[in-house]
Amino acid sequence: MFALFCKEMENAPDTSVLRVAVTTALGAQPLENALVTVSTAPDENGTRTLLYAVRTDRDGMTPPMTLAAPPRSASLAPGQVTPYALYTVEAMREGFVPLSALHVTLFAGVPAVLPVALTPLPEKE
């Protein structure tokens, strides 16, 4: 799996590949069919742009999502350009408390797997 990430990174140096691993609380079980959205970080007006809306597979994994990131060279010159990209990731599934991960940091050429654990909603009596 990691080899596939690395191969994809060679072909697109100003991008990163993100996958999200969704499980039940404490990582007990993978959650199939969870909806995962990836959007830009909010701008000064609080506006975000939706980039991906995908479902997890039976292993709780999303498909690889290729996202833009500043060039690697940006990390070599301190203070000029932010060397990473920021995204917002949200995960939800019926029967679970939705989760938002703000300011997910991605670097060009560096694949990432974001673990997300969803907590079950209390059972109604």
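Here are some numbered notes on this predicted model, going from the overall layout down to single residues.

1. Start with the big picture. The protein has 1 helix and 7 strands.

2. Of the 125 residues in the protein, 36% are buried. The protein exposes about 7800 Å², and carbon and sulfur atoms supply 57% of that area.

3. How does the chain meet itself? Take the contacts between residues at least 6 apart in sequence: 58% of them join residues at least 24 apart. Keep that figure in mind for the pairs described below.

4. Now look for the sheet made by β4, β1 and β7. These 3 strands form an open sheet in the order β4-β1-β7, with mixed pairing. Its edge strands are β4 (65-68) and β7, each of which pairs on one side only. On average, neighbouring strands in this sheet are turned by 35° against each other, direction ignored. As a reminder, strands of a sheet pair through backbone hydrogen bonds, either parallel or antiparallel.

5. Zoom in on one pairing in that sheet. β1 and β7 run in the parallel sense and are joined over 7 bridges.

6. Ala 85 itself lies in strand β5 (residues 85-92). Its relative accessibility is 11%, and because buried means under 20%, Ala 85 counts as buried. Also have a look at Thr 15: Ala 85 and Thr 15 are 70 residues apart in sequence, yet their C-alpha atoms are 9.4 Å apart in space.

7. Tyr 84, Leu 86, Phe 107 and Val 110 make it, and it covers about 310 Å². One of these, Val 110, sits in the loop between β6 (99-106) and β7 (112-118). Val 110 has a relative accessibility of 40%, so it counts as partly exposed.

8. How many salt bridges does the structure hold? There is 1, and it joins the side chains of Glu 90 and Arg 48, at 3.5 Å from N to O. This pair links distant parts of the chain: Glu 90 is in strand β5, while Arg 48 is in the loop between β2 and β3 (50-55), 42 residues apart. The general idea is that side chains of opposite charge can pair when their charged atoms come close. Arg 48 is partly exposed, with a relative accessible area of 35%.

9. Last, two residues with backbone angles to check. Asn 33 is not a glycine, but its phi is positive, at about 70°. You will find Asn 33 in the loop between β1 (15-24) and β2 (35-40), and it is partly exposed, with a relative accessible area of 42%. His 103 is not a glycine either, and its phi is positive at about 60°. The place of His 103 is in strand β6, whereas Asn 33 is in a loop.

Conventions. Residues are numbered from 1 along each chain as its sequence is written. This is a predicted model: local features need pLDDT of at least 70, side-chain atom pairs count only at pLDDT 80 or more; totals for chains, interfaces and linings use all residues. Side-chain values use heavy atoms; hydrogens and water are left out. Helices (H or I, at least four residues) and strands (E, at least two) are DSSP runs, numbered from the N terminus. Buried means under 20% relative accessible area, exposed over 50%, partly exposed in between (1.4 Å probe, protein chains only). Patches are made of residues with over 30% relative accessible area and no salt bridge: like charges are joined within 9 Å, nonpolar side chains (Val, Leu, Ile, Met, Phe, Trp, Tyr) within 5 Å. Accessible areas come from the Shrake-Rupley method with a 1.4 Å probe; for residues, only the protein chains shown count as cover. A salt bridge is a side-chain nitrogen of Lys or Arg within 4 Å of a carboxyl oxygen of Asp or Glu. Contact means heavy atoms within 4.5 Å. Two strands pair if DSSP finds at least two bridges between them. Axes are lines fitted to C-alpha atoms, for helices over the stretch in contact, and angles run from 0 to 180 degrees between N-to-C directions.
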